[in-house]
Amino acid sequence: MPRMEDILNLPVQDPPCVEFSAANLKWVKVEGGRQGGDDIALIPFARVEEFVKGESSNAECPASFRIESRRKRSEGSISKPRVDGYLEYTLYWCSYGPEDYRDSESGNGDGSNVKPATGKGSRPGRRHMMRGCLCHFTVKRLYTRPLLALIIYNQRKHVDKTGAPCHGILDRDAVGTRAMYAPRISEDLRQKVMSMLYVGISLDNIIQHHIEAVQGHGGPHNRDDFLTRNDVRNMERVIRNSSHELHVDDECSVKMWVQRHHKHVFFFQDYSVSEPFILVIQTDWQLQQMLHYGNNGLMSFHSTFGSKKLKYPLSTLLVFDSSHNAIPVAWIITSSFVGQFVHKWIGLLAERIRTKDPRWRLSAFLVDNPSFDISTISPNSVDTIEEFMQVFVDQCAFMDYFKSQWLPHIVTTPEPLAAIETYHLRLKSKLFHEQNVNFWPRVDWLIHTLTTEFHSLYWLDQYSMETGYFENLRDDSFSTNAWSQALHIPDVNVMLDEQNLQLAKIISQADRTLAYTIWNPGSEFSLCDCPWSRLGNVCEHVIKLAMVCKSRQVARPLLAAQVYRQALLSLLQNPPDDPLVLEYAIVHATRLQQDIKGLEELSNSGLLQPLPLEVNPHMALNHQLFPRLP
């Protein structure tokens with residue numbers, strides 16, 4: 001039996017499943033533990049939450065582990081730390097203990113033996129679930145190895161002081177009662193109900209929907225299936241009493257929010273003389289969407305929203321669902337240019353994703369700001385640009401000009417662009433309503449709005465798509481984006497001359513006497529004369545024509561590469577005469593190299609597949625016609 005001094009020699013265990021429990025780990029007993037020696041194991045500290053969730057899902061004894069006590073130390077506070085010394089110490093205890101009120105509530109005892117084992121007073125409102133359970137474990141974030149967590153399981157069995165099962169299916173007295181199940185509803189159900197409340201679904205409709213769902217899977221199987229009106233009323237009360245303003249001072253209010261919602265805070269750096277304010281928010285639901293839709297898919301960076309109105313601009317990481325809707329999977333609020341310090345958190349995000357799914361990979365990463373070196377990396381592409389750069393690799397000044405002035409404007413197909421535009425407009429509509437003008441200078445209001453009402457809109461849309469429920473309550477913009485509207489345009493409304501691909505026409509759905517003209521049909525840079533396209537947006541007519549051209553196989557796949565090659569050769573043969581243009585290109589390229597550390601780290605992390613770039617013949621022209629939305 002090893003001693004505690006030997007713990008660093010133990011293997012670090014990282015089960016491949018999303019959530020895991022004690023059954024998935026190999027435990028070692030150490031000398032000096034209570035009850036014949038404590039069980040210990042080492043896991044990555046980043047996976048502690050997954051372990052707690054897994055332990056709560058015990059089939060024989062469903063439970064909910066609460067934090068009984070917590071202590072923290074700062075780095076450098078100990079000169080000679082012990083091998084099991086901690087930066088963070090957290091004691092988790094089964095919510096069915098340690099107090100035992102079974103005898104006092106049944107009238108079989110006087111209640112004299114129900115003092116809390118931890119020395120704390122009784123917990124009002126929780127007597128009904130106190131059954132004397134002694135199951136508990138301790139998690140230490142090691143002082144000398146901050147990336148590791150030492151789990152010390154003091155009592156792995158859900159038993160009372162007599163050693164008998166005290167809840168779950170092994171407890172005969174619990175059969176037919178709620179003590180057979182977890183004491184509280186799960187975080188997933190809580191998020192579900194809170195989202196329904198935020199979007200305006202009534203208590204009666206929530207309960208009715210829940211009853212139908214439980215009946216659909218054959219009756220109650222867990223605590224979530226016993227959702228009551230009182231549970232929903234409690235959550236209604238939480239929403240009604242919540243406020244974005246936790247403190248009069250905005251900075252203090254933000255810090256308080258961060259402390260209370262640490263599960264939603266992916267990265268936080270407070271403002272200082274030398275460092276900018278950075279807050280990266282990612283909820284569990286957003287993480288799941290990122291894992292689901294981002295794998296082998298597209299991800300986009302929607303940057304610097306609200307720079308003229310909000311105290312700090314907002315940036316968003318987006319993925320795209322099967323209906324080509326953009327889903328926010330992380331929000332970044334920072335007081336500096338977002339690209340300058342992206343390396344501080346992008347690597348941590350890469351590690352978080354890799355921890356959840358080592359096989360997760362992106363197919364493309366889109367950036368809307370040309371200050372980033374990577375604009376679009378897209379599949380099904382041609383290698384013309386790589387060939388060109390190899391030929392002229394020794395022309396340093398020209399290549400600097402080429403990289404800074406041309407590469408940042410490479411774009412992808414119109415569907416994600418239309419989705420990004422829709423997200424931008426939805427964000428603008430939600431945040432920049434006149435009634436909110438007094439709140440714009442406060443960061444705490446922005447955080448509160450994003451994580452409650454705005455987050456719930458996207459949750460409801462995905463839930464409605466998956467289950468078919470509450471379709472009448474979905475935001476119309478989710479089902480009326482340009483791609484969705486394009487699907488409703490009949491092919492007979494498209495007038496396309498396959499021998500002349502310079503322009504095409506599409507009959508208006510609203511007014512059949514009106515036909516819109518689309519130039520360069522099937523190209524990434526098709527232009528339409530409809531009102532929406534004239535504002536610089538990607539319209540449904542452009543997307544519909546792209547679909548038709550693809551289905552008829554009339555678009556020439558190498559046309560873009562040929563025209564692009566001609567444009568590059570022309571530029572090389574006629575370089576800029578003005579030396580200031582070339583000097584600006586070199587200076588701008590230098591600035592780019594300073595700003596792209598974060599994206600280089602993303603590429604080096606292995607999450608971004610090394611794919612060739614998709615070229616386009618009208619990159620500079622396109623950047624002017626389709627500018628980033630204000």
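Two strands count as paired if DSSP finds at least two bridges between them, and a strand is a DSSP run of E with at least two residues, numbered from the N terminus like the helices (H or I, at least four residues). This is a predicted model, where local features need pLDDT of at least 70, side-chain atom pairs count only at pLDDT 80 or more, and totals for chains, interfaces and linings use all residues. Residues are numbered from 1 along each chain as its sequence is written, and side-chain values use heavy atoms, leaving out hydrogens and water.

Q: In which sense do strands β1 and β2 pair?
A: Let's look at residues 28-29, which form β1. Val 28 stands opposite Ile 40 in β2. Over two bridges, the sense of the pairing is antiparallel.

Q: Over how many bridges do β2 and β6 pair?
A: Strand β6 covers residues 148-155. Leu 42 has Leu 150 of β6 as its bridge partner. The two strands run in the antiparallel sense, and the number of bridges is six.

Q: How many of the residues of β2 are buried?
A: Buried means under 20% relative accessible area, exposed over 50%, and partly exposed in between (1.4 Å probe, protein chains only). Strand β2, residues 39-44, is mostly covered. Its buried count is six of six.

Q: Which residues of α5 make the contact with α4?
A: Contact here means heavy atoms within 4.5 Å. Helix α4 spans residues 203-216 and helix α5 residues 229-241. From α4 come Leu 203, Asp 204, Ile 206 and Ile 207, and from α5 come Arg 229, Val 232, Arg 233 and Glu 236.

Notes
Axes fitted to C-alpha atoms, helices over the stretch in contact; angles between N-to-C directions.
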